[in-house]
Amino acid sequence: MIKENVQKILDELPEGVELVAACKGRNLDEVREAVEGGIKVIGQNYVQEAEELIKVIGNKVRWHFIGHLQKNKVKKAVRLFDIIETVDSLKIAEQIHKASLSENKVMPILVEVNSGREKQKFGVFPEDAIDFVKKASQLNNIKVMGLMTMGPMLGDPEDARPYFTETKRTFEKIKTLDISNIEMRCLSMGMSNSYKVAIEEGANIVRIGSKIFK
Ligand SMILES: *Cc1c(COP(=O)(O)O)cnc(C)c1O
């Protein structure tokens with residue numbers, strides 16, 4: 001089933017849109033089956049879970065961190081992941097920079113935008129994103145590669161559209177600015193119920209869990 005789910009989603013994705021299998025809470029067999037179905041990128045919210053999976057699956061796939069990163073997990077996350085999608089404060093950006101410096105690596109990151117301006121969600125408000133990217137760009141051992149947003153969880157995906165539109169607008173605006181040491185390439189928006197709308201609004205990375213592992 002998982003295999004077929006992956007293949008169906010991949011068949012329907014427009015070219016240039018990357019599918020991240022969001023696999024928090026899934027076991028090794030489930031994740032393996034997704035990889036057999038053609039998954040090339042795995043998203044993980046928890047460093048510990050990722051570590052176990054990476055031991056077995058390794059670099060057959062790329063690994064995106066998509067959870068809320070805590071300070072005491074930064075060092076490990078820098079070692080394990082190919083990109084951290086959820087940089088939501090300058091403090092954590094600085095910690096990633098420092099850990100990357102001591103690992104002798106440059107860590108690609110996305111800035112998490114709290115497009116719904118929700119109290120309970122992490123991320124930078126859209127109106128603060130430009131300033132945030134400018135500051136983050138000065139940290140030499142991280143590289144801002146784009147933006148990520150969750151958007152409010154709404155029953156009707158159409159209702160999420162304005163939040164994706166605003167994040168895309170912010171993404172394009174940052175592209176027009178002359179900020180050194182960044183490469184605005186990735187716009188990660190959309191989950192199982194909203195990814196089609198997100199793609200229409202310009203997402204080139206979608207993070208899908210339940211529609212794959214249901
Ligand atoms: C769980 C999760 C997803 C996938 O959500 P589904 O609704 O299961 O597709 C995407 N992004 C993040 C950050 C998640 O935590």
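The following legends describe close-up views of a predicted model.

View 1. The ligand is surrounded by residues from several stretches of the sequence, among them Ala22, Lys24, Asn45 and Ile66. Also surrounding the ligand are Met148, Met150, Met191 and Ser192, together with Arg207, Ile208, Gly209 and Ser210. The space that the ligand takes is the largest pocket.

View 2. The side chain of Asn45 places an N or O atom 2.7 Å from an oxygen atom of the ligand. Backbone atoms also take part: a polar backbone atom of Gly209 lies 2.8 Å from a ligand oxygen atom, and a polar backbone atom of Ser210 lies 2.8 Å from an oxygen atom of the ligand. Taken alone, the ligand exposes 390 Å², of which the protein buries 85%.

**View 3. The aromatic pair Phe65 and Phe81.** One aromatic pair is found in a search of the whole structure. The ring centres of Phe65 and Phe81 are 5.2 Å apart and the ring planes stand at 75 degrees, so the pair is edge-to-face, the class for planes over 60 degrees apart. The pair links distant parts of the chain, with the two residues 16 residues apart. Phe65 belongs to strand 3 (residues 62-65), whereas Phe81 lies in the loop between helix 4 (74-80) and strand 4 (83-87).

Note on methods. Residues numbered from 1 in each chain as written. Predicted model: local features only at pLDDT ≥ 70, side-chain atom pairs only at ≥ 80, totals over all residues. Heavy atoms only, no water. Phe/Tyr/Trp six-rings, centres within 6.5 Å; stacked < 30°, edge-to-face > 60°. Helix = DSSP H or I, 4+ residues; strand = E, 2+ residues; numbered from the N terminus. Near = heavy atom within 4 Å. Polar contact = N/O pair within 3.5 Å; in protein donor to acceptor, adjacent residues only side chain to side chain. Areas by Shrake-Rupley, 256 points an atom, 1.4 Å probe, with all protein chains shown as cover. 1 Å grid on protein atoms, 1.4 Å probe; cavity = no way out; pocket = protein on both sides within 12 Å on 5 of 7 lines; lining within 4 Å. Sits in = over half its atoms within 2 Å of the grid points.
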